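Good morning, and thank you for coming. May I ask you to look at the sequence and the structure together while I speak?

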Amino acid sequence: MVKIAPSVLSADFAALGEEIAKIEPVADLLHVDVMDGHFVPNLTIGPVVVEAIRKRTRLPLDVHLMIQHPDRFIGPFAKAGAAHLTVHPEVCPQLQRTIQQIREAGLRAGVALNPSTSLHAVEHVLDQVDLILLMSVNPGFGGQSFIPSVLKKIVEMRRWLDRLPAPPELEVDGGITLENCREVARAGATILVAGSAIFGEADPREAVAAMRQRLTCP
């Protein structure tokens with residue numbers, strides 16, 4: 001079954017606890033984007049907010065670090081309650097060591113690729129991670145449109161992962177909507193991150209339910 005991970009980046013931060021409560025009964029994960037204003041052109045939240053979110057939900061927290069020097073923050077985000085911690089090879093010169101540190105902190109380790117980054121950047125660590133995240137927009141802001149060329153990357157990564165005895169999850173983040181979610185899942189994604197398509201709707205819970213129904217249609 002394809003999992004749905006609503007992204008709090010598109011939620012109302014003035015009522016974040018209430019927003020999370022709306023989708024908790026129907027979501028599989030809660031996706032949390034951490035941005036530092038350097039690696040991506042936006043500034044979002046840190047471990048203190050993740051810790052606050054952890055207290056308001058039982059959903060696993062899928063924390064995506066879009067920051068420089070992510071190694072410095074593995075401990076703080078582990079302590080804050082992250083379940084998954086995903087980093088970018090674009091800013092991890094010692095990627096294998098970073099993955100090891102994430103796992104030693106008791107978290108599931110993920111690696112993420114920007115749309116323009118080659119799949120070969122993570123080819124050597126596919127058997128060492130729990131999650132591969134393919135960005136389908138240029139990271140930094142919610143509400144962007146899905147980049148169609150990323151579908152080919154999803155298909156190709158799916159082929160690579162299917163050769164492994166225990167393939168990691170394949171997550172796709174960016175521009176996921178009710179209209180394209182089924183196509184992205186058929187390309188090989190096992191986790192779909194959606195922000196504005198869920199929290200931008202009048203009833204976020206119904207938005208998740210509608211997406212799940214679309215995904216399960218024959």
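Let me begin with a convention: Ala, Val, Leu, Ile, Met, Phe, Trp, Tyr, Cys and Pro count as nonpolar, Asp, Glu, Lys and Arg as charged, and the others, Gly among them, as polar. This is a predicted model, in which local features need pLDDT of at least 70 and side-chain atom pairs count only at pLDDT 80 or more, while totals for chains, interfaces and linings use all residues. Residues are numbered from 1 along each chain as its sequence is written, and side-chain values use heavy atoms, with hydrogens and water left out.

I turn to the largest pocket. A pocket here is an open set of points on a 1 Å grid over the protein atoms alone, where a 1.4 Å probe fits and protein lies on both sides within 12 Å along at least five of seven lines; lining residues have an atom within 4 Å of a point. The largest pocket holds about 380 Å³ of space, a volume being the space filled by probe spheres set on the points, which are joined across faces, edges and corners. Its lining has 31 residues, and G143, G175, A194, G195 and S196 lie nearest the centre. Strand 2, strand 8 (191-194), helix 7 (196-199) and helix 8 (204-216) each give two or more residues to that lining; helices (H or I, at least four residues) and strands (E, at least two) are DSSP runs, numbered from the N terminus. Helix 8 gives the most, with 3 residues. By class, the lining divides into 15 nonpolar, 12 polar and 4 charged residues.

Now to strand 2 itself. How many of its 6 residues are buried? The count is 6 of 6, where buried means under 20% relative accessible area, exposed over 50%, and partly exposed in between (1.4 Å probe, protein chains only). L30, V32 and V34 cover one side, and H31, D33 and M35 the other. Strand 2 runs parallel to strand 3 (residues 61-66), joined by 6 bridges; two strands pair if DSSP finds at least two bridges between them. Within this pair, V34 stands opposite L65.

V26 counts as partly exposed because its relative accessibility is 22%. Leaving aside neighbours within four places in sequence, V26 is in contact (heavy atoms within 4.5 Å) with R205, V208 and R212. V26 and E206 are 180 residues apart in sequence and 8.8 Å apart in space, C-alpha to C-alpha.
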